[in-house]
Amino acid sequence: MNPEERHIFSVLVENRFGVLARVAGLFSGRGFNIDSLNVAETHDSSISQITLVTHGDAQIIEQIYHHLNRLIDVIEVTDLSTAGTHVERELVLIKVATEDPQKRTEVLQVAEVFRGRVIDMKPASLVLEITGDEGKLKAAIDIFNTYGILELARTGKIAMLRGSDF
Amino acid sequence: MELSGAQILVDSLKREGVEYIFGVNGGAAMPIFDALYGETELKLIPMRHEQGASHAADGYARATGDVGVALATSGPGATNLVTGIATAYMDSIPMVAITGQVFTHYIGSDAFQECDVIGVTRPICKHSYLIKDCDEIADVVAEAFHLAKTGKPGPVVIDIAKDAQLHEALFKYPETVDIRSYKPQVHGDPAQIGKAAALIKEAKRPMLYAGGGVVLANASEELRQLTLKTQIPITVTLMGLGAFPETHPLAMEMPGMHGSCCANYAFTDADLVIAIGARFDDRVTGDLNKFAPNAKKIHIDIDASCIGKNVPVDVPIVGDAKKVLTELNKQVGIADIDPWRAQIQEWKQKYPFEYEQKADKVMPQYVIEQIYEHYSDAIVVADVGQHQMWAAQYFKFTEPRQWLNSGGLGTMGFSLPAAIGAQLGCPDKTVVNINGDGSYIMTIQELVPAVTMKLPLKIFIINNMYLGMVRQWQELFHGKRYSAVDYHDNPDFALLAQAFGATGLRVEHTEDVVPALQKAQGITDGPVVIDFIVDEEENVFPMVPAGAGLGDVIRGLS
Ligand SMILES: Cc1ncc(C[n+]2csc(CCOP(=O)(O)OP(=O)(O)O)c2C)c(N)n1
Ligand SMILES: [Mg+2]
């Protein structure tokens, strides 16, 4: 087996029904994995942007690139992992149990460390919003787990190439 | 003036120059069939099963190079088309499959005869459209034809809700099609072509390996020029047969599992393989670790995802075979490889396709040889199994689009309906259908339209009373346990042909083969079926067992 690599693809597609099924079907039909997927309309409402994280050896990654390109509704495919340096973010909403004020204070302090924002607060729980790259979110989730996570929702990764210097 | 969606569809198809549409009627497609009623420019060919309709459209496309069109109703009509769509997809055949769909307001409600055709066909077509509004029909048809025939060709599915067929709109057909997300790369990168020319110059044991892509790209002429200019030996795959004349001294015949020893040995010893519109299919390469181990590889293909998929490639060239070969031909000259040519000739002489004439048996290979003697110019449409391999081995194809078969999906039942499509597309050609007793009965009902239309098809059944190819594997790899392959209970195909209104002949002795073929030549007012009762347990050789390397080919005789 050749070494597995993780790649982030940015895929611009026609904003039409059925396109996501074609992209997903490409992966399921060939036994390729999707680790994370995010889809949303861009500033041009006729175009959607898909950020897709996958892994595989170099040959599989190349296949994925070509097969994405082959889909008729795909306008452009960029492998962000090879096309240059990129920035990436994910967002997580975490509902943490805060039965007593003591615990709530601690949770808020930890949230501060991760630059989390409180977006809802009830006597026994609060909801935090944290953004960051994968490593930061993992660290945050690990910590909040020790306080008791009641519910968690997380976006897929979104990413783009850094701007050019000139 | 406003027209119904169904009429807009028919007028759009006419704008695309469609001559024939193969179909079976049903509720959700009735407005379309109604619009086709009495139509003379675009002729509706009623088939007896939707699978037959899709293979007929496919056969028409393979024989002519134009887009074939099939039509079916929703639900079961559409699912019956699926095998034909998948068959066309695997061999990259330009086709448009049109299905009726239930009324828009019923879609998603499990309505009567509703089926998510777009969902079902998603992995087996190049693209698909669901039309809910009759305003979209003209644009979608134009796009669908453009997609079906450009780039890497393939089937496109158009599913049209019944209300979209019935509602009215103005008909305006687009003059041009521009799909921003679809720009096939047709011109090969000049730098890559230069590298390929350099490799060809250096090689001591080069070989050309051409596939069905050459036929699809109409690049046979350019392939011939390349071969003749360089005098490099060439093997043409099952899908490409005829792209280069098999009668030429440089032709090594087809490679692979049942290919010639010469071609397979050449792969094993070559130092350069030049692949053109061929995809290193497992039936060609055998064990990949032993495939062309000493060879650099040049791969020319319109489909980037095809290159490097199975075999690492040194010089990939993405582009249209015709355009790339035209450029490459300007940069190559005769190769200085006399010892290699001599080696090829030696293998060719030593290991031709051969069989043993058993006493009192009609040998299937002999029948094919005689079919070749009597019909060397015909379009040959084969089905799937041993007879297909014998036809590929013993008929010498000299022209592209002369040999039609389901190579990729290996669909039994393909050949009779495909022969109907081919005959309609090429009325001046003789169309020979080489069929198997198992394959024939899978779509035998299509003999009805062939008789009705008085098509002069020559339907030759190589009847070994078995699913022969499977029986061969059972004999070799399953201890002769002949599970579910015995077809001795089939009906008498000659009598059955007569019941259908065709001429039916039965041949049981070697000396009757030629007279029967001669007799068939004289029958031109309808199909003739000859049931050749051949040796039941003859096997196809040479054979590279699954998983073995090409060098380990079992030659069979000697
Ligand atoms: C639709 C379909 N079902 C099953 C198979 C598997 N299969 C491959 S060859 C073959 C035997 C074909 O029998 P026949 O048409 O009599 O040809 P023969 O091999 O005897 O020449 C079968 C069953 C197939 N290719 N297609
Ligand atoms: Mg048979």
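Let's start with two helices: H15(B) and H16(B) make a right-handed crossing, where right-handed means that the near helix is turned clockwise from the far one by less than a right angle, and left-handed that it is turned anticlockwise. This is a predicted model, in which local features need pLDDT of at least 70, side-chain atom pairs count only at pLDDT 80 or more, and totals for chains, interfaces and linings use all residues. Residues are numbered from 1 along each chain as its sequence is written, chains are lettered from A and ligands numbered from 1 in the order in which they are written, and side-chain values use heavy atoms, with hydrogens and water left out.

**Helix packing in chain B**

- Two packed helices are described by the angle between their axes and the distance between the axes.
- H15(B) and H16(B) pack at about 50°, and their axes are 9 Å apart; axes here are lines fitted to C-alpha atoms, for helices over the stretch in contact, with angles from 0 to 180 degrees between N-to-C directions.
- That angle makes H15(B) oblique to H16(B) (under 35 degrees is roughly parallel, over 145 roughly antiparallel, 65 to 115 roughly perpendicular, and the rest oblique).
- H15 (residues 364-374) and H22 (residues 513-521) of chain B have axes that come within 10 Å and cross at roughly 40°.
- So H15(B) is oblique to H22(B) as well, and the crossing of H15(B) and H22(B) is right-handed.

**Around ligand 1**

- Ligand 1 has 17 residues around it, and B:Gln386, B:Gly410, B:Asp437, B:Ser439 and B:Gly468 come nearest (a residue counts as near if one of its heavy atoms lies within 4 Å).
- By class, this shell holds seven nonpolar, nine polar and one charged residues (Ala, Val, Leu, Ile, Met, Phe, Trp, Tyr, Cys and Pro are nonpolar, Asp, Glu, Lys and Arg charged, and the others, Gly among them, polar).
- A polar backbone atom of B:Gln386 sits 2.8 Å from an oxygen atom of ligand 1, and a polar backbone atom of B:Met412 is 3.4 Å from a nitrogen atom of ligand 1.
- B:Asp437 uses a polar side-chain atom, 2.8 Å from an oxygen atom of ligand 1.
- On its own, ligand 1 exposes 590 Å², and the protein buries 77% of that (areas by the Shrake-Rupley method with a 1.4 Å probe).
- In chain B, helices H16 (386-394), H18 (437-440) and H20 (468-477) are the elements that give two or more residues to the shell.

**Chain A overall**

- Chain A has four helices and nine strands (DSSP runs: H or I of at least four residues for helices, E of at least two for strands, numbered from the N terminus).
- Its C-alpha atoms fill a box of roughly 55 × 40 × 40 Å along the principal axes.

- Most residues other than glycine have a negative phi, and most peptide bonds are trans.
- B:Gln113 has a positive phi, near 60°, and lies in the loop between strand S5 (95-101) and helix H5 (117-121) of chain B.
- B:Phe541 and B:Pro542 are joined by a cis peptide bond with omega about 0°.

Methods:
A polar contact is a pair of N or O atoms within 3.5 Å; within protein, one must be able to donate a hydrogen and the other to accept it, and residues adjacent in sequence count only if both atoms are side-chain atoms.
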